[in-house]
Amino acid sequence: MWLQVSLLCLSCLTLPIRSQAQDRASLRRSNDHAGRCHYTFTVASPEESSCSGGGMKPEMDGVSSRLTLLEALVSRLIAGVDGDAATGVRANGEEGLQEAYSQVTRERNQLQQDKERLNGQVQELQRRLAELSQEAESLKQIPCEQTQTSGGTQRGNRPASDPAYDLGNGAYQEMKAEVTEVPASRLIPEGNQNFTGCGELQSVGDPVLHKKADSITGKYGVWLQDPEPQGPHYTNKTVWRIDTVGKDVRQLFAYEDMDQLSQGFPMKVLVLPEPMESTGATMYRGSLYYQRKRSRTLIRYDLSSESLASRRELPHAGFHGQHPYSWGGYTDIDLAADEQGLWAIYSTSKAKGAIVICQLNPESLEVKRSWETNIRKNTVANAFMVCGRLYTVASYTAPNTTINYVFDTATGVGQAIAVPFKNKYRYNSMVDYNHGQRKLYAWDNFHMVTYDIRLGRASQGSS
């Protein structure tokens, strides 16, 4: 920039001299007396009749001085600008390179730490996989022996060597069910195909989808119909639904029938007086029975009056994750209804995690009678009552699992069984029996499904 300004100034100084003389200058060539060629450059002046000798020299000397000073000034300016710019660029460049190097170093160190952490996790997973494989092989070699008792005792005798009780492995019951599986022909005795009375569970049909929840709050929940409705407001076609994902579960949705449920149009939404915990609620004789959040308190909510009808603590029952099913969900207390009344399925510290069954008074919620089984609650995925018998489901995720255990409250005897059961959507968080429809209701990974079941006469040796 400074160089351009200087050149412009120099042009301004020389321009007047050139403009005045350029039209009157002439160049002549001639030989001198010695025969050599001479060139003569002549500029004529209209204002002077002859050359005055030193008249031009002072003017030319002034111009030359000014040009010398101007060149010196331009040189200093150019040197100063270039030096400052070079210094600034060099400093900025060094600073930028240092910062980039530091950033790359930090990222490299972080990646190295992540790599070491992931390698450690891979090694740990490989070690656990090897241990589980070895344990599975050893368990396959253990014979499945079942000890039974007879008589009307309220507590089933727990065999000292029963792995279902001694081992805390939640996957063992499912494996045991596979080992003790029996042919289907032995499950349905002849003459039971058309049986319509109360009896033993013979088979469970394929799941039938009725509704899929459309939000994350519908990952798991409770849905059912009242097998013995009371009053004019609701019938046995009314469908009830509760999404149990959330910190404060209070909304009870009522649908006129299955069609309205499938379309997603509730006819009414009730607000429960106390928050609910888990998926263990049930519907029976015009009331919703459920467990209050973070407590062992049971609540009966009357549907007609839309009010709390009774509440009572379930003595010694574990709650909020002390004795849940294997899938979790704070399913410590599971309420159920069947042909014989209202039940609670739970466990206590005294029972050391084994399933305890008690029959409740549906009005006051008092315990009428209780039984202790010999199967641990956290080794099964879910349970339900049919005709006074407890049935447990082996897995909540396996697409083809079994109902692997039955306990008869009439005899106090439990035994292993293997009735096929399907978790079509692979996360079954609720199974409940409706004796009015003779169906199982389940909530399987956002999907509300039902299963047709078949009951048969009790086989010989059991009641």
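**Figure 1. Overall content of the predicted model.** Of the 463 residues in the protein, 39% are buried, where buried means under 20% relative accessible area, exposed means over 50% and partly exposed lies in between, with a 1.4 Å probe and protein chains only. This is a predicted model, in which local features need pLDDT of at least 70 and side-chain atom pairs count only at pLDDT 80 or more, whereas totals for chains, interfaces and linings use all residues. Residues are numbered from 1 along each chain as its sequence is written, and side-chain values use heavy atoms, with hydrogens and water left out. The protein holds five helices and 23 strands; these are DSSP runs numbered from the N terminus, with helices being H or I of at least four residues and strands being E of at least two. Of the contacts between residues at least 6 apart in sequence, 55% join residues at least 24 apart, a contact being heavy atoms within 4.5 Å.

Figure 2. A nonpolar core is a set of buried Ala, Val, Leu, Ile, Met, Phe, Trp, Tyr and Cys residues joined through side-chain atoms within 4.5 Å. The largest such core has 29 residues, and those with the most contacts inside it are Trp240, Leu252, Leu288 and Leu303. At least two residues of this core come from each of β5 (221-224), β6 (239-243), β7 (249-255), β8 (268-276), β10 (287-291), β11 (297-302) and β22 (439-444), and β7 gives the most, with five residues. Leaving aside neighbours within four places in sequence, Leu303 is in contact with Tyr234, Trp240, Leu252, Leu270, Met283, Gly286, Ser287 and Leu288. A second, separate core of 20 residues includes Phe384, Val406, Ile417 and Val431. In soluble globular proteins, nonpolar side chains tend to be buried together.

Figure 3. Strand β17 (residues 382-386) is mostly covered, with five of its five residues buried. Asn382, Phe384 and Val386 point one way from β17, while Ala383 and Met385 point the other way. In a regular strand the side chains alternate between the two faces of the sheet. Strand β17 is joined by five bridges to strand β18 (residues 389-393), and the two run antiparallel; two strands pair if DSSP finds at least two bridges between them. Asn382 stands opposite Val393 in β18, and Cys387, in this hairpin with two residues between the strands, takes a positive phi near 55°.

**Figure 4. The surroundings of Val393.** Val393, which lies in strand β18, counts as buried because its relative accessibility is 2%. Once its neighbours within four places in sequence are left aside, Val393 is in contact with Val380, Ala381, Asn382, Phe384, Thr401, Thr402, Ile403, Asn404 and Phe421. Val393 and Val431 are 38 residues apart in sequence, and their C-alpha atoms are 8.9 Å apart in space.

Figure 5. A search of the whole structure finds five cavities of 30 Å³ or more. On a 1 Å grid over the protein atoms alone, a cavity is a set of points where a 1.4 Å probe fits but cannot get out, and lining residues have an atom within 4 Å of a point. Grid points are joined across faces, edges and corners, and a volume is the space filled by probe spheres set on the points. The second largest cavity contains about 60 Å³ of space, and its lining consists of Leu224, Gln225, Pro227, Thr282, Met283, Ala337, Asp432, Tyr433, Asn434 and Tyr441. Both β9 (282-284) and β21 (428-434) supply at least two residues of this lining, and the largest share, three residues, comes from β21. By class the lining has six nonpolar, three polar and one charged residues, where Ala, Val, Leu, Ile, Met, Phe, Trp, Tyr, Cys and Pro count as nonpolar, Asp, Glu, Lys and Arg as charged, and the others, Gly among them, as polar.

Figure 6. Most residues other than glycine have a negative phi. Tyr330, although not a glycine, has a positive phi of about 55°; Tyr330 is found in the loop between β12 (307-313) and β13 (334-338) and counts as partly exposed because its relative accessibility is 42%. Phe446, also not a glycine, has a positive phi of about 80° and is found in the loop between β22 and β23 (447-456); at 18% relative accessibility, Phe446 counts as buried. His447 is found in strand β23 and is buried, at 10% relative accessibility. His447 and His210 are 237 residues apart in sequence but 7.7 Å apart in space, C-alpha to C-alpha.

Key:
1 Å grid on protein atoms, 1.4 Å probe; cavity = no way out; pocket = protein on both sides within 12 Å on 5 of 7 lines; lining within 4 Å.
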